[in-house]
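Colleague: I would like to learn how to read a structure with two chains. Could we go through it one feature at a time?

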Amino acid sequence: MAAIYSLYIINKSGGLIFYKDYGSSGRMDTNDSLRVASLWHSMHAISQQLSPISGCFGIELLQADTFDLHCFQSLTGTKFFVVCEPGTQHMEGLLKHIYELYTDYVLKNPFYEMEMPIRCELFDINLTQAIQKDRVALLAR
Amino acid sequence: MQFFGGTEISPVSAGVNGVGEQRPHDQDHKLMFGLLFSLKSLTAKMDPTTPDKANLGVPQLPGQGCSFHSFRTNTYKLTFMESPSGIKIILVTHPRTGDLRESLKYIYNLYVEYVVKNPLYTPGTPIRCELFNTTLDQYVRSIS
């Protein structure tokens, strides 16, 4: 049972800076996750251009046959997206929370270089906790 | 890639505040095709339930691999359906509309009834069937 399958964070130029898998079958290798991330970046950009009215900020939710993809773009262009089971609720809240964790534990880390892959232990720990909490909340519902 | 028909129902196409630049429709069609094709290969690759997946970017036959049925942005929602023969039906609507998969099936039915069963229609050419156009218009207007 996994409500959330995986989490990606991509920087403003489409490079994958964080990827974590939470139990999807057939885990993607590093090359594939990089490719998928940059493909998502371009699809996000094209969806903005195709909007019938102006002021479009790109795809927020993609519903596929076997999963849902929720995407949140920060003001600086960093994109956070989770792949979860179809119909999972309250993912926007979780994404915003992950963004908070990112600003607290990654951006405020003096050793972190902007736009580079995230390797911060505290971020990992807190992220795991946030996702666990989300799962517990889901089970309780 | 060929586009058989496209009807603008919404009066606000390309820019409400007069800021939206007028793009040639031809380019929109290409963008749309590229978006759908790539999203399909993306979903096929991302599918978390099957362990063996084809490589990213390999064209998939209709019905093969995990596909998607809709996506939503803050300004519009796009619902997509692909028939077993590869006909793709796309509906662009207001972001807060519900599940439109049944409507797409109904539109596909209309296509079968009024276009495929039309003896004068050659498969693969643009649709010029008046009956189809009027019924489709009526139906799409009735959805909203």
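Colleague: Which strand of chain A pairs with β3(A), and in what sense?

Modeller: Keep in mind that this is a predicted model. β3(A) pairs with β4(A), residues 68-73, in the antiparallel sense, and the pairing runs over three bridges. One pair of residues to look at is A:Leu61 and A:His70, which stand opposite each other.

Colleague: What joins β3(A) to β4(A)?

Modeller: A hairpin through three residues. A:Thr66 has its place in this loop.

Colleague: How many other C-beta atoms lie within 10 Å of A:Thr66?

Modeller: There are 18, so A:Thr66 counts as partly exposed. Apart from neighbours within four places in sequence, A:Thr66 is in contact with B:Asp47, B:Pro48, B:Thr49 and B:Cys66. Distance in sequence is another matter from distance in space. A:Thr66 and A:Cys84 are 18 residues apart in sequence, and their C-alpha atoms are 9.0 Å apart in space.

Colleague: Which strand of chain B pairs with β3(A)?

Modeller: It is β1(B), residues 68-73, and the two strands pair in the antiparallel sense over five bridges. In β1(B), B:Phe71 is the bridge partner of A:Leu62, and B:Ser70 is that of A:Gln63. As for burial, five of the six residues of β3(A) are buried.

Colleague: What span does α1(A) reach, and what is expected?

Modeller: The helix α1(A) has 20 residues and reaches 29 Å from its first C-alpha to its last, close to the 28 Å expected at 1.5 Å a residue.

Colleague: Which residues of α1(A) are buried?

Modeller: They are A:Val36, A:Ala37, A:Trp40, A:Met43, A:His44 and A:Ser47. Around the axis they cover an arc of only 130 degrees, so they lie on the same side of α1(A).

Colleague: Why look for a nonpolar core?

Modeller: In soluble globular proteins, nonpolar side chains tend to be buried together. In this model, the largest nonpolar core has 41 residues, and A:Tyr8, A:Phe67, A:Phe81, A:Val82, A:Val83 and A:Cys84 have the most contacts inside it. Take A:Phe81: leaving aside neighbours within four places in sequence, A:Phe81 is in contact with A:Tyr8, A:Trp40, A:Leu69, A:His70 and A:Cys71. There is also a second, separate core of six residues, including B:Leu100, B:Leu104, B:Ile107 and B:Leu136.

Colleague: In what order do the elements of chain B run from the N terminus?

Modeller: The order is α-β-β-β-α-α, with three helices and three strands in chain B. Of the 144 residues in chain B, 22% are buried. Among contacts in chain B between residues at least 6 apart in sequence, 28% join residues at least 24 apart.

Note on methods. Residues are numbered from 1 along each chain as its sequence is written. Chains are lettered from A and ligands numbered from 1 in the order in which they are written. This is a predicted model: local features need pLDDT of at least 70, side-chain atom pairs count only at pLDDT 80 or more; totals for chains, interfaces and linings use all residues. Two strands pair if DSSP finds at least two bridges between them. Helices (H or I, at least four residues) and strands (E, at least two) are DSSP runs, numbered from the N terminus. The expected span of a helix is 1.5 Å times one less than its number of residues. A residue is buried if 20 or more other C-beta atoms lie within 10 Å of its own, exposed if 12 or fewer, and partly exposed in between; C-beta atoms are placed from the backbone. The arc is that of the directions from the helix axis to the C-beta atoms. A nonpolar core is a set of buried Ala, Val, Leu, Ile, Met, Phe, Trp, Tyr and Cys residues joined through C-beta atoms within 7 Å. Two residues are in contact if their C-beta atoms, placed from the backbone, lie within 7 Å.
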